[in-house]
Amino acid sequence: MKSTVKAALAAAVSLCAVQAAQADTLKMAFIDPLSGAMASSGEPAYQSFVLAAEHINADGGVNGDMIEILGLDNKISPKESLVQLQKAIDQGARYIIQGNGSSVASAIIDAVNKHNARNPGEEVLFFNYAAVTPEFTNEACSFWHFRFDAHTDMKMNGITDWIASREDIKKVYLIGQDYVHGEAVAHAAETQLAEKRPDIEIVGNELHPLAKVKDFTPYVQKIISSGADAVITGNWGQDMTLLVKAAADAGQEIPYLTFYGGSNGAVAALGEGAIDTLYQVSELAANMEDVSDEQNALVEEYKERFPDYDYYYHRAFVTLDMFDKAAEEAGSNDPIAVAHALEGMSVEGGYGAATMRAEDHQLQQPLYITTVAADVTYPVDNTNLGWRLVEGGVIPADAAETPTTCEMERPD
Amino acid sequence: METLVFALLNGAIYGLLLFMLSSGLTLIFSMMGVLNFAHASFYMLGAYLAFTITEGTSFWIALFLAPVLVGGVGMLVERYGLRKVHAQGHVAELLFTFGLAYLIDELVKIFWGRTAVNYRVPEILDFPLFTLYGAQYPAYRIFILFVAAFMLVALWYLLKKTRAGLIIQAALSHPHMVGSLGHNVPLIFMTVFGAGCALAGLAGVIGGNYFVTDPAMAVQMGPIVFVVVVVGGLGSLEGAFIAAMLIGLLQTSAISINASLADIFGFIGLGADTELGEITIASMAPMLPFLLLVLILMIRPRGLMGDREV
């Protein structure tokens, strides 16, 4: 009896070993800043993808293949990114993941389009998890590009709806990074506010150099002297943290409505001052009621694995889950087959269902407006503060959805 | 009015920090005859050492210990590196400091990681000192102001009013004469190099938590420091002081100005909706020091107070 168990075990082990040996690696290149001023955005995202890949691999991989995430540092430079992209393709990666910086994403979309046109049979797909310039899924849309984050106009819809409901806000100040993303945010804020609350005056529209400003005090003092009741910013990474740090130092207590207030360290920089002044619109509401135990377990696992960061890049998990599902539905890991399967694909995300709109490859999902509060289940930045959903802060997927002008060219 | 007051305050603090960095560089330049490319790396080293010492003990110990350590490293570099290279001429020295800058950069990344460290303002100074026109002013900024002013006075007193200062000044301009008089010139050089590095380290200690302590801080500060030294006049401490304050004030006040090029040059017909007219003064702030550099080199190549050509 004993020997049969042993034999069975040995057989099982060797079977596993054979399977493991047969499983190929599926390389996915993660190209983002992993050093320098913006690494505080790139690194937690990289870890999110690594963890998401581990989960999928433990579950049998993608059509039996094991995902390997190659982390490539682009130092947030479009030029460097193209070098890394070529390196990734040479190493056999057929899937490119990038998100930080629309200037970088734009260069990658362009390069991927050219590569795919010149190398039929060796196509690569680009999964954009954070570059939110609306053009990428509108006039500049591409079959090879999929965006897994809500774009600027969608996020701004949430912010402006909230402002429209606050009668006490009469003056708004816009501050952003001086590149295509900052401009898009300012443009969206101006047009949407003019439509929803024409009585609101925009008292400042400032763009500052990207990732170069070390001291935001002069900017904050400008905001204070403008008499603004609220600030809208699309800043991310260090530019987000330092901006709110300077605001906290100056004792400013007006709401900061942000895309990326959850940037690592922003809450810690503000401390108690963040309560009811720092707002964020995102796809994540970690302390929301009726979130599945499974999702909460993931949040806890992330914190345990990477104690320096918090569960923030929920999109990373949505991206790989959806990719896994699409590849298995297509029965192939070939980029073209996966791309076709991704169109219209839906997954049950941890915070509401997410669907990849076929016509422009823009993910549609519910968004949440959250603000900082004490006494939450999942605090961030190793403080006792965390993100809490504001009243009326749920924006259902169909309310966040915006029409597209995309006319996509699909390969036969 | 309030814009002016804030611009003056912030500009003065930034200017003094710049001076603290460039005073060491300009001293070392007078001595070696070449610019020390690794100077901003010593600034970074000061910030990182202060971070580590603060973690273990307290900020106040770091305030004294970190500059001393950086100065020590500087002296070792001079004694065992630069002095040997000196025989090969200026180009070799320049290349040596260039390589050293990269070396320190990489070492910092290995020891402290590639992302910013959480080097914070000490709690005892982390409170608003006063409220000015509705904005609170952090006490730490005023603390920087005092440390920098103290250093400025101490440096001036040391160089101009003491015997040691006289010998240093003499050794910088006439080393052979001073040597013949029986002074140990190599020792003086080593001390000056160490002191210059210690000043950069001190700037790092108080600037690291005021700004951000990350591996990019040396690269970002380096060019501005060179601008200060060149604009001020190579080898002139007074010039470096004037240039540092000028650049500090220029950069911070430019951000506060709400005008565009069209508002200023409107009279010669520059429209507000043209590409050039749309540019705001605030967005030009990071460019201004370099504009100043180019203008000075064109109009007055020896700098504001310098006595020799670049």
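Modeller: Let's start with a term: a salt bridge is a side-chain nitrogen of Lys or Arg within 4 Å of a carboxyl oxygen of Asp or Glu. This is a predicted model, where local features need pLDDT of at least 70, side-chain atom pairs count only at pLDDT 80 or more, and totals for chains, interfaces and linings use all residues. Residues are numbered from 1 along each chain as its sequence is written, chains are lettered from A and ligands numbered from 1 in the order written, and side-chain values use heavy atoms, with hydrogens and water left out.

Biologist: How many salt bridges are there between chain A and chain B?

Modeller: Two salt bridges are counted between chain A and chain B. A:Lys214 and B:Asp214 pair up through their side chains, with N to O at 3.8 Å.

Biologist: And how do I read the interface itself; what area do chain A and chain B bury between them?

Modeller: The size of an interface is often given as the accessible area lost when the parts come together. Here that buried area (accessible area lost by two parts on being put together, with a 1.4 Å probe, summed over both) is about 2,200 Å², 51% of it on carbon and sulfur atoms. On the chain A side, A:Lys214, A:Gln221 and A:Lys222 lose the most area to chain B, together 25% of what that side buries. By contact (heavy atoms within 4.5 Å), 28 residues of chain A and 26 residues of chain B take part.

Biologist: Which helix gives the largest share of the side of chain A that touches chain B?

Modeller: Helices (H or I, at least four residues) and strands (E, at least two) are DSSP runs, numbered from the N terminus. The largest share comes from α7(A), with seven residues. That side of chain A divides into 13 nonpolar, eight polar and seven charged residues; nonpolar means Ala, Val, Leu, Ile, Met, Phe, Trp, Tyr, Cys and Pro, charged means Asp, Glu, Lys and Arg, and the others, Gly among them, are polar.

Biologist: Now inside chain A: which parts does the salt bridge of A:Asp149 and A:Arg315 tie together?

Modeller: Those two side chains meet with N to O at 3.3 Å. A:Asp149 sits in the loop between β5 and α5 (152-164) and A:Arg315 in helix α11 (residues 314-330), so the pair ties together parts of chain A that are 166 residues apart in sequence. A:Asp149 and A:Arg315 also belong to a salt-bridge network with A:Lys155 and A:Glu283.

Biologist: Is A:Asp149 buried or exposed?

Modeller: Buried means under 20% relative accessible area, exposed over 50%, and partly exposed in between (1.4 Å probe, protein chains only). A:Asp149 is buried, because its relative accessibility is 0%. A:Arg315, at 2%, is buried too.

Biologist: What does the side chain of A:Thr404 lie 2.8 Å from?

Modeller: A polar atom of that side chain is 2.8 Å from the backbone oxygen of A:Thr137, and one is 3.0 Å from the backbone nitrogen of A:Cys406. A:Thr404 is in the segment after α13 (397-400) of chain A, and counts as buried because its relative accessibility is 18%. Skipping residues up to four places away in sequence, A:Thr404 touches A:Arg357 and A:Asp360, among others. A:Asp360 and A:Arg357 themselves form a salt bridge at 2.7 Å, N to O.

Notes
Polar contact = N/O pair within 3.5 Å; in protein donor to acceptor, adjacent residues only side chain to side chain.
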